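Look at the model below and follow the paragraphs one region at a time.

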Amino acid sequence: MRKEKQRLLVGLWALLLYACGAGIPASYEESEALPKIYPDYVDVTIPANIAPLTFELDDADADGMAARYKAGDVEVVCRDKMKPSMSSWRKLTQQGGDISVDVFSRKGKQWTHHKPFAIHVSKDSIDAYLSYRLIPPSFVSYESLTINQRCLENYDESVIYDNMLCSFEVEGQCINCHHYQQYNPERMQFHARQKHGGTVIAYDGNIKKVDMRNDSILSAGVYPAWHPWLKYIVYSTDKTFQSFHTTDPNKIEVYDLESDIIAYDIDNGEVTNLENDTTEFEVFPAWAPDGKTLYYCSAHYERKDRSVSSATELARRSKELKYNIYKKSFDPETMEFGQRELVFAADSLDKSAVLPRISPDGRWLVFTMSKYGYFPIWHHEADLWIIDLSKQSTGDNHQSATARPLIRINSNDTESYHSWSSNGRWLVFSSRRDDGTFTRPFFAHMDENGKWGKPFELPQKDPDYHRQLLRSYNIPEFMHGPVTIAPQTFAKVLKGKGEPVKYAQQPNEVTITIMSTNDMHGRIDNFAKVKTLVDAERKKNPDGVLLLSGGDKWTGNPVVDQYNPKGYPMVDLMNHVGYDYETFGNHEFDLGQPLLADRLKQSTFPAISANWTVDTTVSPLPQPKPYTLFKKNGIRIAILGLTEASPDSEGHYYPSSHRGKLKGLTFYDPIQTALKYRHLRDSCDLFVALTHIGHEVDKKLAEAMPELDVIVGAHSHTRIDSTVIVGGTIVTQTECWLKYLGQTTVTLRRENRRSSWTVADKQFRLINLARPLQEDAEVKALINDYNEKNTLKDVLCEATRQFDGTEALANVMADALIDRLDVDIALQNSGGVRIRQLPKGNVTKGDIFTLNPFNNNVFIYRMTPANLRAMISRAHQRKSQRADLQPGGIRYTIYTHDGKANRIDITDLNGKPLDESRTYRVAMNSYIATAYTFSHVGEGEELQDTDTELLIDYLASQSSISPQPARTAVVER
């Protein structure tokens with residue numbers, strides 16, 4: 001009896017499983033080809049709680065189909081269309097493994113069994129509900145759109161809002177951009193344009209309509225981003241227009257004439273401008289899940305042709321619009337935003353990136369990439385791309401993150417409008433891959449390793465449903481459950497009067513404070529004071545302070561110059577102090593290009609300079625950006641960088657640096673280069689030049705370029721004690737060696753919220769860092785650590801008397817080459833002597849590295865007395881009628897008339913004239929060998945020894961040294 005009951009149960013079970021049609025055919029041919037089915041569910045990955053996947057044969061030549069789903073001991077077989085029942089489907093997905101699929105097609109009486117495939121069932125569930133707009137294929141009849149919601153666990157679909165409830169033939173509106181706070185259907189918002197325009201916000205049972213229009217903002221809110229837990233929504237706000245194409249495959253183009261980012265405080269009813277730069281089109285805000293970072297997209301655009309309307313010009317230039325992804329930090333406690341930071345530079349790939357969406361764990365950012373523009377849903381080339389934010393470099397010169405296309409997801413047609421499931425394992429997106437006209441929702445799975453499965457189309461009860469539906473799905477959003485507010489309730493609220501917003505007053509006067517240093521030359525001891533002073537200013541004016549460096553960070557302090565790696569302590573301390581930008585000084589190249597490249601990577605602040613270019617096939621240096629353009633306190637600031645460079649006799653420009661260390665670099669006149677950037681005046685409220693060209697050249701720059709508001713200068717070591725205005729430009733400099741900190745205070749004003757900022761006042765003061773000031777403990781500890789980690793106190797010899805002046809010190813340097821090398825004469829350039837005094841007493845390694853920090857290689861040339869006289873004469877002219885080359889082994893006198901050399905007498909140290917018929921072996925450092933013009937006999941010889949090493953070796957062999965009589969003279973007659 002028991003066995004008969006078991007057989008009966010098995011029979012009933014089989015009847016249940018095969019209830020959707022007859023069984024599989026008894027005889028058939030085998031095929032190695034996969035079946036053509038619609039929708040394409042071959043090898044897709046699905047969640048266990050998804051509605052049954054139905055499909056049909058997509059083969060016009062076939063007369064019929066049979067298909068079988070099998071998982072474990074459960075089988076489902078259907079004929080004509082694969083439409084398993086809900087209960088049998090659940091049994092399949094609950095088996096805990098893949099579902100194997102066999103498809104049989106019939107042509108006439110012949111059945112063919114196609115290659116089986118699998119449907120992979122993930123253990124990761126999907127949110128129960130999805131909402132979306134259903135909209136006709138063009139915007140001609142947009143009034144008939146609806147916002148719908150679909151239960152993903154079955155086929156139940158209902159209307160959240162029907163636009164026809166508020167629309168009439170000539171008085172309609174567009175409903176768009178529905179959004180939820182953390183997938184909560186009880187916290188929803190959507191926006192209406194036109195007749196009943198306004199924003200409807202539902203929050204835990206309370207519904208209101210907000211009229212977000214205000215004279216101080218561009219328009220009402222459009223694309224929303226609801227903060228993860230605050231009652232706070234950020235919107236992009238815009239003025240748009242459309243073009244309809246007849247021949248272009250992209251049928252519609254939507255443009256922003258203007259767009260900004262605003263924030264709306266739901267409880268206070270206040271709206272605030274976050275980004276409103278007229279030369280930036282800011283769109284598509286999106287919050288990180290921790291609520292501490294706001295992402296958005298922006299494209300830079302400046303009008304060029306005022307002879308046509310802005311709309312006409314924009315339509316003509318639309319393919320120039322390339323949107324990048326940016327972010328702003330946000331403090332939920334103070335409700336304050338930080339300044340803009342670049343996340344991904346799509347324009348560097350000649351593409352446009354929009355619609356950033358961040359995964360719930362904060363790691364992944366998915367966006368849509370297209371050739372241009374911000375409305376990619378009509379771009380057939382649009383694809384989804386992804387960034388791993390956990391691998392994004394932070395602080396490395398604000399470099400762009402690395403992105404890659406989602407090859408497993410993308411098709412040959414449009415992919416766009418995507419959002420993450422609440423567990424971060426599923427991505428829903430709109431795709432036109434079916435027919436190129438209508439968008440359908442597709443779902444893709446990402447596992448814990450970031451690997452994507454093949455996406456699948458939203459299942460329907462009838463697999464032919466989407467082929468019959470002449471509407472597109474738009475803006476799919478996951479939800480934990482259904483919206484329970486009736487469409488009629490939403491319509492009643494929308495027809496009512498909107499609650500006006502209050503504009504959060506922003507000041508009509510703003511202060512920007514520029515703190516600056518220049519020509520520090522490795523001096524680090526006052527950085528702890530600088531840190532304290534700058535932090536105090538930043539506390540008073542949180543988003544209004546800049547700290548700039550005018551260059552020449554090193555060369556002058558062996559603690560920095562001889563550290564391993566060289567220069568590291570200086571950059572480390574500048575990072576800790578919090579510099580924002582720097583420009584390149586001529587001594588930045590002293591360490592050599594490979595080391596400079598390493599220090600640039602170490603730096604958390606960018607270095608800018610406009611007047612030199614890099615041949616990256618020769619040089620390891622990156623091409624510096626000529627300028628930076630950013631916002632502080634709502635003020636658009638442009639900073640242009642310039643580096644000292646002067647022409648040689650052939651008209652080629654070089655900085656005052658070792659030319660052997662400049663290979664692959666080409667320099668240009670700084671003032672002429674600066675004039676090419678006058679156009680930045682139209683893109684900023686405050687225009688700053690950060691220069692390393694010297695005070696006199698700064699004044700010439702101010703006269704030639706009145707567009708500048710501020711020049712932060714360097715190179716000439718000029719101490720400017722108070723406000724100096726040249727034309728209308730304030731010109732500043734802080735001497736050198738970190739003795740002073742400069743503070744330039746710029747006050748900007750505007751008449752009202754939509755008017756432009758103008759510079760109303762500029763003041764400069766010099767802060768003496770020698771006076772007692774509070775020192776930052778952390779930075780002070782770093783300074784002490786660097787100062788103690790060196791062997792620079794080792795004593796080499798004794799100075800019997802104090803050495804005063806360049807010549808006395810240069811003589812010692814030249815004598816060292818004579819003593820250590822097999823040469824007759826040695827020459828030392830005055831500029832290579834970096835101190836002016838050596839005290840009586842012990843001479844240490846540190847003294848010598850300070851005296852000569854360059855560590856240049858040494859060259860030996862054979863030269864005649866005539867060669868030497870010509871070289872000395874040119875050096876005299878080069879150094880403004882001073883004896884520049886200080887000698888060892890000889891003395892010389894320059895006789896001048898009206899300041900020009902007309903005779904040079906050279907003798908040995910005993911007063912005997914040189915032999916005119918003889919060639920002498922002459923030693924010099926590599927700077928002289930490459931930067932000075934002279935003739936010689938035969939080829940020169942480059943030694944591996946450096947002049948600093950030879951000097952140290954020489955002094956270590958001496959018990960004492962004493963200043964020697966002068967060996968040069970200039971006589972006017």
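How many bridges join strand S12 to strand S13, and do these strands run parallel or antiparallel? Five bridges join S12, residues 146–151, to S13, residues 157–162, and the two strands run antiparallel. The model is predicted. One of the pairings can be picked out by residue: Gln 149 has Ser 158 in S13 as its bridge partner. Between the strands, a hairpin of five residues leads from S12 to S13. In a regular strand the side chains alternate between the two faces of the sheet.

Now turn to a pair of helices. Two packed helices are described by the angle between their axes and the distance between the axes. Helix H13 (residues 806–820) packs against helix H17 (residues 947–956) at an angle of about 80°, and their axes are 9 Å apart. Angles of 65 to 115 degrees count as roughly perpendicular, so H13 is roughly perpendicular to H17. Which residues of H13 and H17 meet? On the H13 side they are Val 812, Met 813, Asp 815, Ala 816, Leu 817, Asp 819 and Arg 820, and on the H17 side Leu 950, Leu 951, Asp 953, Tyr 954 and Leu 955. By class, this contact of H13 with H17 has eight nonpolar, four charged and no polar residues.

Terms used:
Residues are numbered from 1 along each chain as its sequence is written. This is a predicted model: local features need pLDDT of at least 70, side-chain atom pairs count only at pLDDT 80 or more; totals for chains, interfaces and linings use all residues. Side-chain values use heavy atoms; hydrogens and water are left out. Two strands pair if DSSP finds at least two bridges between them. Helices (H or I, at least four residues) and strands (E, at least two) are DSSP runs, numbered from the N terminus. Axes are lines fitted to C-alpha atoms, for helices over the stretch in contact, and angles run from 0 to 180 degrees between N-to-C directions. Angles under 35 degrees count as roughly parallel, over 145 as roughly antiparallel, 65 to 115 as roughly perpendicular and the rest as oblique. Contact means heavy atoms within 4.5 Å. Ala, Val, Leu, Ile, Met, Phe, Trp, Tyr, Cys and Pro count as nonpolar, Asp, Glu, Lys and Arg as charged, and the others, Gly among them, as polar.
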